[in-house]
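Keep the viewer open as you read.

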Amino acid sequence: MELDIWPGDFGLPSIDVSCLHFLACSKFCASPITYVTSTAPWNSPTGEYPVCVDRKGKGKPICDFDKFVEELRTNGQAVVIDGGLTPKEKAQIDAFACFLQQRLQPAVNHTLWADDLNYHTTTHYWYTSKLSFPYNLYYVERRRKRVLRTLANKNVNQMMLDALQALNMLSAKLGDNKYFYGDKPTSLDALVFGYLAVLLRVPLPNDRLQVHLSACPNLVRFVELIISIYLPSTDSKQSKSNTFWQTRVAKAIKQKEASAAQPKEEEAEDLPIRDAILFGLGALTLSLIFAVHSGIIEIQMEEEENPIVKD
């Protein structure tokens with residue numbers, strides 16, 4: 001089988017959350033899958049990555065994570081994913097997967113695609129630099145609109161609160177363990193890794209979730225452990241890329257801070273001048289009214305004489 005995925009960056013084998021789900025899960029069971037990084041999503045049956053295909057023409061392309069896990073379970077892999085779990089633990093994994101989809105995924109999508117500063121600083125720039133012109137402009141805007149539609153009825157503050165609570169719950173669930181169910185990674189570990197790895201590694205100027213995740217050392221250790229064992233980076237240009245993105249993000253943060261401070265400075269400068277002008281006009285008006293009523297100023301009206309009309 002062949003797994004087509006988005007290219008990697010920032011020390012990750014792929015920048016896409018779903019691609020990392022597929023990658024990690026297949027690596028956990030040592031599946032003999034050929035990994036192909038591609039920037040031609042129009043070749044995918046869904047127009048997106050990841051997609052797992054059988055180049056011998058057997059079976060339909062797989063784009064759904066649950067179907068991919070089921071394929072790995074029944075395809076005679078050296079290690080059966082979730083094979084050592086009890087029915088109760090498998091049911092818990094299904095519940096956790098649904099929980100992550102409802103609580104964490106919307107916030108991750110918002111952070112990458114809906115947040116204007118993050119989108120223009122990182123997401124838009126990265127994808128457009130990988131895709132050919134003019135398709136890059138069409139694809140990135142189309143994908144962003146699709147994400148915005150899914151988030152249309154959601155409150156941003158509530159989304160972020162749900163995500164922070166989800167991170168806390170994952171941290172409590174993991175505890176001091178290597179993985180969520182003992183010493184062997186499961187499909188749940190693959191799901192959690194996909195979300196957390198992107199949040200932890202992708203440089204973003206608005207980094208509320210990143211800061212909170214960094215404050216959960218067991219989750220950070222969990223991500224780094226999977227990367228070092230199953231998905232080590234082979235990118236020799238990583239240090240140069242990091243420097244570029246750090247500079248770009250730092251510039252975006254500086255511009256954000258400057259734009260936030262500018263209205264306050266203008267308001268501080270404009271208010272005294274405005275108040276002085278209003279005070280002066282009010283005082284002048286009151287002085288004129290007092291002068292007229294006290295007789296200091298007399299207003300005389302002269303009647304215009306009727307003109308003489310000559311016949």
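## Starting at A40

A40 has a relative accessibility of 12%, so this alanine counts as buried. Bear in mind that we're looking at a predicted model. A40 belongs to the loop between β2 and β3. If you draw a line from its C-alpha to that of W6, you get 9.0 Å, even though the two residues are 34 positions apart along the chain.

## The overall layout

Zooming out, the protein is built from 11 helices and three strands. Reading from the N terminus, the order of elements is β-α-β-β-α-α-α-α-α-α-α-α-α-α.

How much of the protein is buried? Of its 311 residues, 41% fall in that class. As for contacts with a separation of 6 or more, 73% of them are between residues 24 or more positions apart.

Nonpolar side chains in soluble globular proteins tend to be buried together. Here the largest nonpolar core has 80 residues, and the members touching the most others are L100, L104, F193, L196 and F222. Helix α8, which covers residues 187-201, supplies the largest share of this core with 10 residues.

Leaving aside residues up to four places away in sequence, what does F193 touch? The list runs L20, A24, F222, V223, I226, I227 and L231.

## Aromatic pairs and a cluster

Searching the whole structure turns up 18 aromatic pairs. Take W6 and Y49: their ring centres are 5.4 Å apart and their planes meet at 80°, so this pair is edge-to-face. The pair joins distant parts of the chain, with W6 in the loop between β1 (2-5) and α1 and Y49 in the loop between β2 and β3, 43 residues apart. W6 and Y49 are both buried.

W126 and Y127 make another pair, with ring centres 4.9 Å apart and planes at 80°, so this one is edge-to-face as well. Both W126 and Y127 are buried. One aromatic cluster takes in W6, W42, Y49, W113, Y119, W126, Y127, Y135, Y138 and Y139.

## Charges over rings

The charged end of K173 is placed over the ring of Y181, at 4.5 Å from the ring centre. For R248, the charged end sits over the ring of Y125, with 3.9 Å to the centre.

## Cis peptide bonds

Where are the cis bonds listed here? One joins Y49 and P50, with omega at about 10°. P50 is in the loop between β2 (34-37) and β3 (51-53). Y49 is also the residue whose ring pairs edge-to-face with W6.

Another cis peptide bond runs from F133 to P134, where omega is near 5°. P134 lies in the loop between α5 (116-130) and α6 (135-150).

## Positive phi without glycine

A30 isn't a glycine, yet its phi is positive, at about 50°. You'll find A30 in the loop between α1 (17-28) and β2.

D82 is another non-glycine residue with a positive phi, here near 65°. D82 is located in the loop between α2 (65-74) and α3 (87-103). Is D82 buried or exposed? Its relative accessible area is 4%, and the cut-off for buried is under 20%, so D82 is buried.

## A last stop in α5

T128 is part of helix α5. Its relative accessible area is 15%, again under the 20% cut-off, so T128 counts as buried. Not counting residues up to four places away in sequence, T128 touches N136, L137 and V140. To place these in the chain, recall that α6 spans 135-150 and that the loop between α5 and α6 holds P134.

Methods:
Residues are numbered from 1 along each chain as its sequence is written. This is a predicted model: local features need pLDDT of at least 70, side-chain atom pairs count only at pLDDT 80 or more; totals for chains, interfaces and linings use all residues. Side-chain values use heavy atoms; hydrogens and water are left out. Helices (H or I, at least four residues) and strands (E, at least two) are DSSP runs, numbered from the N terminus. Buried means under 20% relative accessible area, exposed over 50%, partly exposed in between (1.4 Å probe, protein chains only). Contact means heavy atoms within 4.5 Å. A nonpolar core is a set of buried Ala, Val, Leu, Ile, Met, Phe, Trp, Tyr and Cys residues joined through side-chain atoms within 4.5 Å. Rings of Phe, Tyr and Trp (its six-membered ring) pair if their centres lie within 6.5 Å; planes under 30 degrees apart count as stacked, over 60 as edge-to-face and the rest as tilted. A charge sits over a ring if NZ of Lys or CZ of Arg is within 6 Å of the ring centre and within 35 degrees of the ring normal.
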